[in-house]
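Please read this briefing alongside the sequence and the coordinates.

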Amino acid sequence: TFSYAHVPWVHPVQKALEKYGLPDSNLKSELYEVACSILASKGYRRIGMDHFVLPGDELDLASQNGQLHRNFQGYCTWETTGQVYAFGVTGISQLTSVYAQNTKSIPDYIRLVNESILPVMKGYRLSDEEQLVREIIAGLMCNGTLQWKALAERIGLDSAETLKKQLSYSEEKLEEMADDGLVSLSPDFLKITEIGRRFVR
């Protein structure tokens with residue numbers, strides 16, 4: 001249930017929709033709720049921000065076990081698609097420390113491949129801090145929770161407190177969201193509530 005992104009400066013063909021009018025944010029929210037109700041009535045469960053799966057599906061099990069992951073293609077598991085290697089024009093590879101996009105030109109792509117050259121047009125190498133922030137954001141987007149101690153251990157830090165200091169974490173900044181019922185806070189975890197899931201994006 002992706003929300004349509006109207007970006008005609010990126011995709012000029014979208015300008016054609018403007019003459020028909022586009023739904024405002026309230027109508028989009030209503031449409032989302034209708035979609036959720038229909039899918040729930042058919043037995044689907046919501047995972048992450050915007051995906052629905054049947055009970056017992058690989059992604060359902062990953063969600064229940066806190067093992068859900070997300071890449072450019074959508075939700076997945078680390079086991080199956082922790083790394084994404086792009087083939088074809090405009091394809092984006094998503095690796096542990098690098099994003100890389102292939103050329104947009106079909107002739108250039110074919111020429112480079114025939115010359116045994118990676119057809120990468122542009123790329124970005126993530127710093128250690130960016131990789132950590134990405135992991136935190138993905139954890140919240142995918143599994144709705146962040147367990148400080150477990151994350152600190154996974155990335156090789158001695159304690160949750162060290163991790164929080166490294167991130168300049170401030171519980172006070174999240175207390176307003178907690179007061180609104182969007183998140184639950186404790187010294188050990190940050191958890192997005194059922195109400196908060198609607199606002200994760």
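The points below are grouped by topic.

This is a predicted model, in which local features need pLDDT of at least 70 and side-chain atom pairs count only at pLDDT 80 or more, while totals for chains, interfaces and linings use all residues. Residues are numbered from 1 along each chain as its sequence is written, and side-chain values use heavy atoms, with hydrogens and water left out.

**Confidence**
- The protein chain has a mean pLDDT of 89, and 100% of its residues reach 70 or more, pLDDT being the predictor's confidence in each residue, from 0 to 100.

**Surface patch**
- Tyr4, Leu17, Tyr20 and Leu22 make a nonpolar surface patch of about 420 Å².
- Leucine 17, which lies in the segment before helix H1 (25-41), counts as partly exposed because its relative accessibility is 36% (buried is under 20% relative accessible area, exposed over 50%, partly exposed in between, with a 1.4 Å probe and protein chains only).

**Asparagine 102**
- Asparagine 102 is in strand E6 (residues 98-102) and is buried, with a relative accessible area of 3%.
- The side chain of asparagine 102 reaches the backbone oxygen of glycine 88 at 2.9 Å, and a polar atom of that side chain lies 3.4 Å from the backbone oxygen of alanine 86.
- Leaving aside residues up to four places away in sequence, asparagine 102 touches residues including Phe87, Thr90, Tyr109 and Met121, where contact means heavy atoms within 4.5 Å.

Key
Patch = residues over 30% accessible without salt bridge, like charges linked within 9 Å, V, L, I, M, F, W, Y side chains within 5 Å. Areas by Shrake-Rupley, 256 points an atom, 1.4 Å probe, with all protein chains shown as cover. Salt bridge = Lys/Arg side-chain N within 4 Å of Asp/Glu carboxyl O. Helix = DSSP H or I, 4+ residues; strand = E, 2+ residues; numbered from the N terminus. Polar contact = N/O pair within 3.5 Å; in protein donor to acceptor, adjacent residues only side chain to side chain.
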